[in-house]
Amino acid sequence: HMIPATLIEGDGIGPEITASVVEILAKIGAPFEWDHQSGGLGAIEKFGAPLPQPTLDSIRKTGLALKGPLTTPVGAGFKSVNVTMRQEFGLYANLRPTRTVVPGGRFDKVDLVVVRENIEGLYAAMEHYLPDGDDPKGLAYGAGFNSRRECARIVRFAFDYAVANGRKKVTLVHKANILKIFSGIFLEEGRKVAKEYEGKVAVEERIVDACAMQLVTDPWQYDVIVTTNLFGDILSDLTAGLVGGLGMAPGANIGPNAAIFEAVHGSAPDIAGKGVANPLAMLMAASMMLAHVGRQDLSTRVDNAIDRVIRVEGVRTRDLGGETGTAELTKALLAAL
Ligand code: NAI
Ligand code: MG
């Protein structure tokens, strides 16, 4: 049966990569019935908002979305689309798998997942200026919060993900040695949750700075990493860099009632309309979406086609140092399927 899902093609390279992904999904008979909605610049022109009400209504109804990159106008007073969606739909988990697809680099055979807490921590934007001597704005004050409930929920998400995906180890990443309460509460709750999975999934602990160092010296020791908002933001960009950068990095924002899948990269205005964008990050996001709705079989087919085209056939888009355009890569993927 068909599953209703919201589709936002997005700005810049969005329409090009979305067309590629939708064609590939159609070819394998993916069970999505697309509800086309607008977002980003296009939506601002039409509705006066980057994430207009009909789009929000659609996602509320379907609980499932594939989203192209949206251009955020700088300084125009619009709230970040990503922040709006996280709040609207309670998308507390940000899931970023990192897997080497392009062989022969410095980081071959990396296969790890970063699970980032998405709605608490230092991103609560409780910040303001304070006076410092004569300067009324001489001091910046910032604060955040981590709740026990949310720390436990995100760690449980990571362990459940590990169980469901045959992963062996979860690493709790923190800075509880310095932020004894603010980060300590995450570690405390993480340890409690880990006990429930004893004998099924191993647990480890790392201080975030040491983790960053080890991710570039020995990323192979990691399996699933779970951490709070700011640390996860930084570490998940780091891990994307290990395996070929933004064109190869998919992500999902998941909550109890909705899940939104997207590429990590933006709208790439510098290459928009030129037919050279790499659609693989968004295709990998679509593959995650297939797994999310229980179609692991189709997800594996997509992943295998990507592996075949990149590893065996040696196809490379411009961001991967090659010459292949979006349409040509799409053709190669369709043939591999
Ligand atoms: P960007 O990710 O769009 O581009 C950074 C660089 O990577 C550019 O040189 C671009 O050509 C290249 N690149 C990105 N994706 C690529 C792909 N699929 N294939 C080949 N090359 C690719 O980041 P930038 O330039 O900082 O942001 C542009 C716009 O995107 C901004 O308005 C920003 O706010 C928005 N943005 C939206 C995101 C989202 O909707 N999730 C995430 C990040 C940025
Ligand atoms: Mg980020």
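Modeller: Before we start, a nonpolar core here means a set of buried Ala, Val, Leu, Ile, Met, Phe, Trp, Tyr and Cys residues joined through C-beta atoms within 7 Å. And keep in mind that this is a predicted model.

Colleague: Fine. How many residues does the largest nonpolar core have?

Modeller: That core has 91 residues. V115, A158, V226, A285 and A286 have the most contacts inside it.

Colleague: And which helix gives the largest share of this core?

Modeller: Helix α9, residues 280-292, with 10 residues.

Colleague: Where does the core lie relative to the domains?

Modeller: Between them, because domain 1 (1-95 + 248-337) and domain 2 (111-242) both give residues to this core.

Colleague: Back to A286: what is it in contact with, leaving aside neighbours within four places in sequence?

Modeller: A286 is in contact with V21, L25, L66, F261 and V302.

Colleague: OK, domains then. What separates the centres of domain 1 and domain 2?

Modeller: Taken over C-alpha atoms, 26 Å. The contact takes 9 residues from domain 1 and 12 residues from domain 2.

Colleague: Which strand gives the most to the domain 1 side?

Modeller: Strand β4, residues 93-99, which gives 3 residues to the side touching domain 2. That side divides into 6 nonpolar, 2 polar and 1 charged.

Colleague: Switching to ligand 1: which residues come nearest?

Modeller: There are 20 residues around ligand 1, and T72, H265, G266, A268 and N278 come nearest.

Colleague: How does that shell divide into nonpolar, polar and charged?

Modeller: The shell around ligand 1 has 9 nonpolar, 8 polar and 3 charged residues.

How values were computed:
Residues numbered from 1 in each chain as written. Chains lettered and ligands numbered in written order. Predicted model: local features only at pLDDT ≥ 70, side-chain atom pairs only at ≥ 80, totals over all residues. Near = placed C-beta within 6 Å. Nonpolar A, V, L, I, M, F, W, Y, C, P; charged D, E, K, R; others polar. Buried ≥ 20, exposed ≤ 12 C-beta atoms within 10 Å, placed from the backbone. Helix = DSSP H or I, 4+ residues; strand = E, 2+ residues; numbered from the N terminus. Domains from an automatic or database assignment. Contact = placed C-beta atoms within 7 Å.
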